[in-house]
Amino acid sequence: MNNDLQMAADEITLLVVSSHSHLRKNYSKILSPLNATIIAVSDGFEALDILRNTKITAVLSDFHIPGIDGIELFLRIKELLFNVPFVICSSHINAKTREEALKVGVMRVITKPTHKIEILDVIAEAIEKRQHQILQFFC
């Protein structure tokens, strides 16, 4: 494995987006076994700023966040040509919105309340997906 590829595989940075500080802390705690750097922000515009300046492996976002909703955040990330696995977690999302999110490319929509293991498993899958994308790029 060349140095660039090894570096890409080793550096895992997750972006957590939630307007609720207790959820940002809780998600960060849940994701800690993944040995990743976790950046937690409170709104979509902050998330976009982070994404412009930081290599993010995967995003876990609430659906309802200040400024823009989770789908809009995903679409803006996609516009910036960042192919980052994106997971939405929400207690208030209807079937039509869930379907729309998945149709535009959101990796998964998790309904709250959820078990810690489900969040951990889905984000681990997102990390694996991103690492696979990186491998395909270099090979």
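Guide: Let us begin with glutamate 125, which has a relative accessible area of 38% and is therefore partly exposed, a label for values between buried, under 20%, and exposed, over 50%, computed with a 1.4 Å probe on protein chains only. The model is predicted, and local features need pLDDT of at least 70, while side-chain atom pairs count only at pLDDT 80 or more and totals for chains, interfaces and linings use all residues. Residues are numbered from 1 along each chain as its sequence is written, and side-chain values use heavy atoms, with hydrogens and water left out.

Glutamate 125 forms a salt bridge with arginine 108, and their closest N and O atoms are 2.9 Å apart; the term stands for a side-chain nitrogen of Lys or Arg within 4 Å of a carboxyl oxygen of Asp or Glu. Because arginine 108 lies in strand β5 and glutamate 125 in helix α6, the pair ties together parts that are 17 residues apart in sequence. Helices here are DSSP runs of H or I with at least four residues, strands are runs of E with at least two, and both are numbered from the N terminus. Arginine 108, at 30% relative accessibility, also counts as partly exposed.

In general, side chains of opposite charge can pair when their charged atoms come close. The structure holds four salt bridges, and one of them joins lysine 112 to aspartate 62, with the closest N and O atoms 3.3 Å apart. Since lysine 112 lies in the loop between β5 (108-111) and α6 (116-138), whereas aspartate 62 belongs to strand β3 (residues 58-62), this pair ties together parts that are 50 residues apart in sequence. Aspartate 62 has a relative accessibility of 3%, so this residue counts as buried.

Another of the salt bridges is found between glutamate 72 and arginine 76, whose closest N and O atoms are 3.0 Å apart. These two residues are four positions apart in helix α4, which means that about one helical turn separates them. With a relative accessible area of 30%, glutamate 72 is partly exposed, and arginine 76 likewise counts as partly exposed, at 28% relative accessibility.
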